[in-house]
Structure formats: structure tokens, C-alpha cells
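Student: Hi! Could we go through a structure together, starting with its sheet and then its charged pairs?

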Amino acid sequence: MRTGLTKQEKTTDIWFDEKEPLIHIRTHNTDLKNRLTAYAAAHPGECRQTDADPDTGCMEFEIRKGRFSFRLTAPYSAERRRAASEAAKKCGVHRKITHLYGDSN
């Protein structure tokens with residue numbers, strides 16, 4: 001969607017306090033909007049869309065605390081990256097698709 005906004009202007013705001021049971025999310029991020037929309041449809045008691053701005057592509061949601069999380073991951077060490085690369089090469093991850101599914105020609 002073209003909104004006329006720059007990438008810097010397309011933000012995601014997540015805010016909550018210790019008192020309220022809800023987390024408020026305001027986002028332009030397409031993947032997050034799609035995931036929250038699907039979650040709200042599947043679990044209306046836990047999450048709901050509260051606003052949408054079709055001009056900017058922004059959507060707002062409320063979701064119960066405990067239903068939304070952040071995942072913090074430690075950076076891979078050089079050894080772990082090398083081991084993952086070797087494992088991928090052994091499994092043929094880097095081969096062309098025709099090697100995996102056969103040539104359809």
C-alpha cells in the first residue's frame with residue numbers, strides 16, 4: 001500500500017502500564033497487522049482492532065497482557081554460524097530447486 005509516508009514515519013507503538021490489563025498496539029507494519037487481525041478474528045475475547053486509518057495504512061489493536069510477547073535472542077557466535085552453514089550445505093539448502101523437485105521440462 002502506498003501511503004505517502006516514509007519508512008521512518010511508518011512506526012509501531014506498543015504501550016502498556018502496570019495497572020491496566022491491556023496492551024495497546026498502533027502499527028503500520030503489514031506482517032504485524034495481518035497477524036493481529038487474524039488473532040483478533042480467532043480470539044475476540046483476547047484481542048480486538050480498535051481503529052484503522054486507510055489513508056496511512058495504520059491500524060490499532062488492544063490485546064490482553066500475556067497474549068503478546070517479545071522474544072529476545074542472543075547473537076550467534078562465529079562458531080554457531082559456521083556450524084549452521086555447514087549443516088545447511090549438507091542438507092542441500094543451497095542447491096537449486098530443480099535438484100529438490102526434479103526438472104519439469
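Tutor: Happy to; below we talk about strands, a helix and salt bridges.

Tutor: This is a predicted model, where local features need pLDDT of at least 70, side-chain atom pairs count only at pLDDT 80 or more, and totals for chains, interfaces and linings use all residues. Residues are numbered from 1 along each chain as its sequence is written, and side-chain values use heavy atoms, with hydrogens and water left out.

Student: Great. What order do the strands of the open sheet have?

Tutor: The order is 1-2-4-3 for its 4 strands, with antiparallel pairing. Strands (E, at least two residues) and helices (H or I, at least four) are DSSP runs numbered from the N terminus, and two strands pair if DSSP finds at least two bridges between them.

Student: And which are the edge strands?

Tutor: Strand 1 (12-15) and strand 3, each of which pairs on one side only. From one strand to the next, the twist averages 15 degrees. Axes here are lines fitted to C-alpha atoms, for helices over the stretch in contact, and angles run from 0 to 180 degrees between N-to-C directions.

Student: How many bridges join strand 3 to strand 4?

Tutor: There are 6, and the two strands run antiparallel. Ala52 stands opposite Met59 in strand 4.

Student: What does helix 1 touch on the sheet?

Tutor: Helix 1 packs against strand 1, strand 2 (22-27), strand 3 and strand 4, and its direction makes about 45 degrees with that of strand 4. Contact means heavy atoms within 4.5 Å.

Student: Switching to charges: how many salt bridges does the structure hold?

Tutor: It holds 5. A salt bridge is a side-chain nitrogen of Lys or Arg within 4 Å of a carboxyl oxygen of Asp or Glu.

Student: Which residue does Arg48 pair with?

Tutor: Arg48 pairs with Glu62, with the closest N and O atoms 3.2 Å apart. Arg48 lies in strand 3 and Glu62 in strand 4, so the pair ties together parts that are 14 residues apart in sequence.

Student: Is Glu62 buried or exposed?

Tutor: Glu62 is buried, at 16% relative accessible area, while Arg48 is partly exposed at 47%. Buried means under 20%, exposed over 50%, and partly exposed in between (1.4 Å probe, protein chains only).

Student: What about Arg67 and Glu46?

Tutor: Their side chains meet in a salt bridge at 3.6 Å, N to O. Arg67 lies in the loop between strand 4 (58-64) and helix 2 (78-91), and Glu46 in the loop between helix 1 (30-42) and strand 3 (47-53), so the pair links parts that are 21 residues apart in sequence.
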